[in-house]
Structure formats: structure tokens, C-alpha cells
Amino acid sequence: MGGSEESREARVRLPQLKLDELLEELQARLDAARGTRDRVHSLLEAVLSVGRELDLEQALHSIVEAAAVLVDAEYAALGVIGPDGKRLSAFHTVGVDEEQIARIGHYPEGHGILGELIRHPEPLRLVKLSEHPSSYGFPPHHPPMDTFLGVPIRVRDQVFGNLYLTEKRGGARFDEEDESVLSTLAVAAGVAIDNARLYEESRLRERWLRASAEITHRLMSGSGSGEVLRLVAERAREITAAELAVVVVPMENTDALTVELAIGEGATAHRGLVLPADDGLLGRAFAGAAPVMSSDIARDERASSGAQRFTGLGPAVAVPIGTGGGVRGIVLLVREAGQTEFTEKETEPLQGFAAQAAVAMELAEHRKDAERIAVLQDRDRIARDLHDLAIQRLFAAGMTLQSAGRFIEHSEASERVARAVDDLDETIKIIRSTIFGLRAREGAAGPGLRARVVRVAGEAAPVLGFAPSLRMEGLLDTQVTKETADHVVAVLSEALTNVARHAHADRAEVVLETDGRELRLTVSDNGVGIPPGGRRSGLHNMAERAAQLGGRLELTSPAGGGGRVVWRVPVGER
């Protein structure tokens with residue numbers, strides 16, 4: 001009896017236990033389904049959030065934030081692969097504050113585990129980072145990280161970058177579902193990045209078109225070439241996010257290039273510089289009539305002669321103004337060190353924009369030619385009128401006075417008439433000399449001061465063992481008289497000879513400038529300096545030449561060593 005009761009109780013308990021297990025399993029499946037539903041909703045919200053962004057930087061940041069939330073990771077990052085396809089050019093993070101980033105130092109470039117995804121763009125899931133063969137530890141002050149999940153982001157058929165997730169919260173591991181969710185987000189991220197890129201390109205084209213329209217308007221309104229060139233440099237610098245813009249043009253009667261204008265970071269060090277036609281990036285762009293790019297101009301061997309002028313700057317591009325045999329100059333744009341390199345997509349509209357500068361220069365030349373022709377025509381008219389009218393009337397007046405003098409009996413009056421006839425003859429000679437001067441063609445005076453100074457500096461290079469740096473500013477060819485120019489050439493030659501003989505220098509700088517009132521020639525070197533009583537003969541000659549023109553010679557020793565000769569004289573008008 002008792003046994004049968006126990007048997008019945010056991011049969012009652014067994015279905016009860018199975019029912020509890022079924023209910024628990026059902027609850028677990030409901031929870032899983034609810035979790036999957038919530039996760040799908042979160043993924044859809046993330047995809048929509050990322051897809052709404054049209055600003056590229058903001059889109060990238062939204063992708064990183066969404067990835068961290070979806071897989072419940074403490075740290076997340078998005079590394080953008082650079083143009084070389086081997087390193088990371090940009091890095092966007094979540095979970096690490098600015099203070100921690102500053103302590104860690106430079107963002108990673110794509111070595112170790114991060115580089116593994118660059119080399120093999122496939123999802124990578126790790127339980128412990130340090131156990132992977134490509135891992136070689138973290139830099140100082142970097143937070144500890146063990147679990148890892150990485151997936152590539154593809155934009156069309158190209159790998160744009162990688163998503164890196166570490167430290168799943170609660171000490172859990174990243175699983176297949178996390179990988180699947182993150183891979184789905186990566187697909188949506190690729191579309192969002194592509195859209196943001198297309199939007200940026202359209203905005204960039206719009207900015208180039210507006211700038212081109214502005215240049216065209218200035219050209220049609222008759223603005224001078226200097227004003228238009230400055231506008232070209234300013235707009236190109238703004239649109240390409242460059243720190244420095246330099247416009248270089250060829251010098252007349254020489255093989256050198258001169259800096260027409262410079263704006264932006266360190267522009268003062270470039271203004272008025274005279275450079276050899278084969279000088280690095282600029283020379284190559286000028287000779288080849290094609291853009292020349294540099295990833296870091298401060299360390300580029302092609303710019304070694306003036307690398308110190310580019311300290312703190314990095315990526316650069318030199319774009320010719322004009323094409324083929326009609327290259328009229330070069331536009332050099334330089335970005336801050338660490339910024340992205342210039343790409344072919346950027347240089348294409350830049351070349352078209354530089355062509356606007358070529359049009360400006362050509363129009364300016366045509367205007368100058370037209371003005372010159374008008375002046376010459378006016379001179380010819382004046383000379384003709386003087387010859388045909390003034391001289392003939394003066395000659396007739398002289399003949400009349402001369403014939404009338406024979407009828408004057410008073411000796412003093414007769415003498416005065418004779419003197420008047422002589423004065424008329426002298427006046428006729430002066431007018432004839434003036435006519436000859438008006439009809440004389442320009443260019444008979446030979447090359448200008450700028451060309452002569454370039455030639456002297458070039459001739460001194462073999463003796464010095466290096467090419468001296470040369471900078472010229474002001475209206476040197478128009479405000480400096482021929483006599484003063486001759487003295488300048490002689491003084492410069494003497495100064496460079498002294499540097500070669502006595503200074504033991506490996507660098508020299510020549511600066512010739514005028515403000516319309518005074519002409520200053522400065523020759524400095526980094527040699528042993530000018531000892532008391534040293535270089536007397538040459539310095540005495542320079543001082544005498546300055547004194548003849550009402551100027552003076554100054555000798556100084558810069559704080560960094562070496563010697564400096566400053567020769568200054570008043571500027572006389574031609």
C-alpha cells in the first residue's frame with residue numbers, strides 16, 4: 001500500500017520536473033529571441049544613424065561609437081589606411097580620453113595586430129591579444145587589453161580601413177554573433193563613407209568653381225596680375241587646407257626662378273628668394289610642366305637646399321602655371337607636418353585653377369605691351385611734332401633775328417640779338433637730343449640689376465663651393481640708377497670673394513632690397529666672422545663706394561656666429 005503511494009508521488013514529481021525544465025528552456029529561448037530582436041533593432045538604428053552622416057569625419061566617429069555599443073566593447077577604434085596601403089593615416093577612438101591619448105603619444109601607424117588586418121583584410125577574433133604571433137605589446141601608459149575583434153571596412157572594391165574592438169565588458173569573449181553584427185555594420189559603414197566622400201567631392205568641386213568664377217571676374221574687370229596671382233594663391237591655400245602657398249616665376253634674362261609672392265606659415269622666409277631653375281620640386285615642375293608631389297618637403301632631398309625654410313611643414317605639391325612650353329610659373333602648396341598627402345584627385349582641379357593664373361599673367365603681359373606701344377607711339381608723335389613744328393619755327397625765328405641784326409645800328413642791341421640767335425641754336429640742339437632720346441628703343445641699357453646680381457651670385461658658387469642663398473625685394477630695376485647698380489654689382493662680387501677666401505663658411509645669404517628711399521645689400525655667412533683688422537682692402541673699397549653715393553658700410557657679427565656685411569645707400573631716381 002505504502003509502496004504504491006510512493007510510486008504515485010514519484011510519477012507526479014517527474015512530470016513536474018520536466019515541465020519546469022521546459023518552462024526554463026522556453027524562457028531562455030524567449031530571452032534569446034528578445035535579445036536578438038533588441039540587437040537587430042540596435043543594429044538597424046546604428047545603420048540608420050551612420051547613413052545619415054554626410055560629413056566624413058563625423059561619419060567615421062559615429063561608426064566607431066555604434067560599433068562599441070553593438071558588441072558591448074570598452075574600447076573601439078577605426079583606422080583609415082593611407083595612400084600607400086601599408087600604414088594608417090588617421091585614427092578615430094572611443095573609450096580613451098584626450099589626456100590618456102596625450103600620455104600614450106603618437107597614434108599607431110599599423111604595426112602588430114593592427115597591421116595584421118591591413119595585410120590580411122579578413123575578420124579577426126582573439127581571446128588574448130598577447131598570444132598572437134604579430135603582437136609585440138603596447139606602448140607606455142596604454143590601457144591593458146586582452147580580447148580583440150577586428151573587421152575590415154570596404155568602400156566599393158577597396159579596403160578603406162579597419163574596425164578594432166577590444167575588452168568586451170563583463171570579462172566575456174567576443175563570439176560569432178559579435179563578429180556577424182560588426183561585419184554587417186562594416187558594410188553599412190562602407191556605404192556611408194562612400195556617400196560622405198561623394199558629398200565632400202561635390203562640395204570641393206563647388207568651391208573650385210566659385211573660386212574660378214571669382215578669378216574670371218577679376219580678370220574681366222581689369223585687375224592687375226599681382227592682385228589676381230595673390231587671389232589664386234589664397235583660394236588654392238584655403239581649398240586644399242595648406243599652411244603655405246608660394247608663387248614662383250622665371251626671371252628675365254636669367255635661368256633662375258624668383259618668388260613672386262608667398263602667403264601663410266613662414267611666408268617671410270620665402271619672399272623675394274631667387275632659386276636655380278633646377279631647384280628641387282619647383283625646378284622639376286617647371287621643366288616637366290607637370291605636378292610634382294612630396295610626402296614631407298622638410299625632409300625631401302629634392303628640397304635640401306632650402307629645407308630649413310619648411311620646418312614644421314610636411315606634404316607638398318608644386319603645380320605648373322600653364323602647360324607645355326608655356327609654363328609661366330609654379331604654385332607651391334605645403335600642408336602642416338602630419339597632415340594627409342596631396343592626391344591626384346586634388347591636383348586635377350588645382351591644375352585647372354592654376355591655368356587661371358596663366359591667363360592672368362598673359363593678359364597682364366598683353367596690357368603691358370599695349371601700354372608700351374602706346375607710350376612709344378606717343379613718343380614718336382611728340383618727336384615728330386618737335387621736329388616738324390618746334391624746330392622749324394625756332395629755326396625760322398633765328399633766321400629772322402639774324403637777318404634783322406644787320407639793320408640794327410646800336411652795338412649793344414645788335415649784340416643782344418646775336419646772343420638770342422645763339423640761344424636759339426642751342427635750344428634746337430637740345431630739342432634734337434631730346435628727339436633722339438624719345439626715339440631710342442628700350443633694352444639698349446642692357447640687363448637690369450636683378451639679372452646682374454643673379455649672374456654674380458651664380459659665378460661665385462664654384463669659388464664658394466656652394467650656391468649662396470639669394471633674396472631680392474622692391475623695384476630694383478626701376479628705382480635704382482645705373483651708377484648705383486654698377487656699385488652694387490662690384491660690392492657684391494667683393495663680398496662673396498671675401499667669404500670664399502676668409503670665412504671658411506658652408507652657407508651664405510645675399511639679400512638685396514629697396515623701399516624706394518634706401519638700397520640695402522646684406523651678405524652674411526656662417527663662417528669664422530670678421531676679425532679686427534681683417535679683410536681690410538676689400539672692406540675699404542666697399543666703404544668708399546658707399547661714401548661716394550652718400551651711404552655707409554656696416555659690419556656686424558650675428559648671435560649665431562659668422563659675419564654680416566650691410567652696404568646701404570640712398571636710392572636715386574633714373
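The following legends describe close-up views of a predicted model.

Residues are numbered from 1 along each chain as its sequence is written, and side-chain values use heavy atoms, with hydrogens and water left out. In this predicted model, local features need pLDDT of at least 70 and side-chain atom pairs count only at pLDDT 80 or more, whereas totals for chains, interfaces and linings use all residues.

**View 1. Arg125 and Glu179 form a salt bridge.** The closest N and O atoms of this pair are 3.0 Å apart. Arg125 belongs to strand 3 (residues 124–126) and Glu179 to helix 5 (residues 176–220), so the contact ties together parts that are 54 residues apart in sequence. A salt bridge is a side-chain nitrogen of Lys or Arg within 4 Å of a carboxyl oxygen of Asp or Glu; by this rule the count comes to 21. Helices (H or I, at least four residues) and strands (E, at least two) are DSSP runs, numbered from the N terminus. Arg125 is partly exposed at 33% relative accessible area, as is Glu179 at 21%. Buried means under 20% relative accessible area, exposed over 50%, and partly exposed in between (1.4 Å probe, protein chains only).

**View 2. Helix 6 (residues 225–239) contains Val228.** Val228 is buried, with 1% relative accessibility. Arg230 forms a salt bridge with Glu234, the closest N and O atoms being 3.9 Å apart. These two residues of helix 6 are 4 residues apart, and therefore separated by about one helical turn. Arg230 is partly exposed at 35%, and Glu234 is partly exposed at 26%.

**View 3. Glu518 and Arg568 meet in a salt bridge.** The N to O distance is 3.1 Å. Because Glu518 lies in strand 14 (residues 518–525) and Arg568 in strand 16 (residues 563–570), the pair ties together parts that are 50 residues apart in sequence. Arg568 is buried, with a relative accessible area of 17%. Salt bridges that share partners join Glu513, Asp515, Arg517, Glu518, Arg520, Arg552, Glu554 and Arg568 into one network.

**View 4. Strand 12 (residues 469–473) pairs with strand 8 (residues 273–276) in the antiparallel sense.** This pairing has 2 bridges, and Leu273 has Arg471 as its bridge partner in strand 12. Strand 12 also runs parallel to strand 13 (residues 508–514), joined by 5 bridges; there, Ser469 is partnered by Glu509 of strand 13. Two strands pair if DSSP finds at least two bridges between them.
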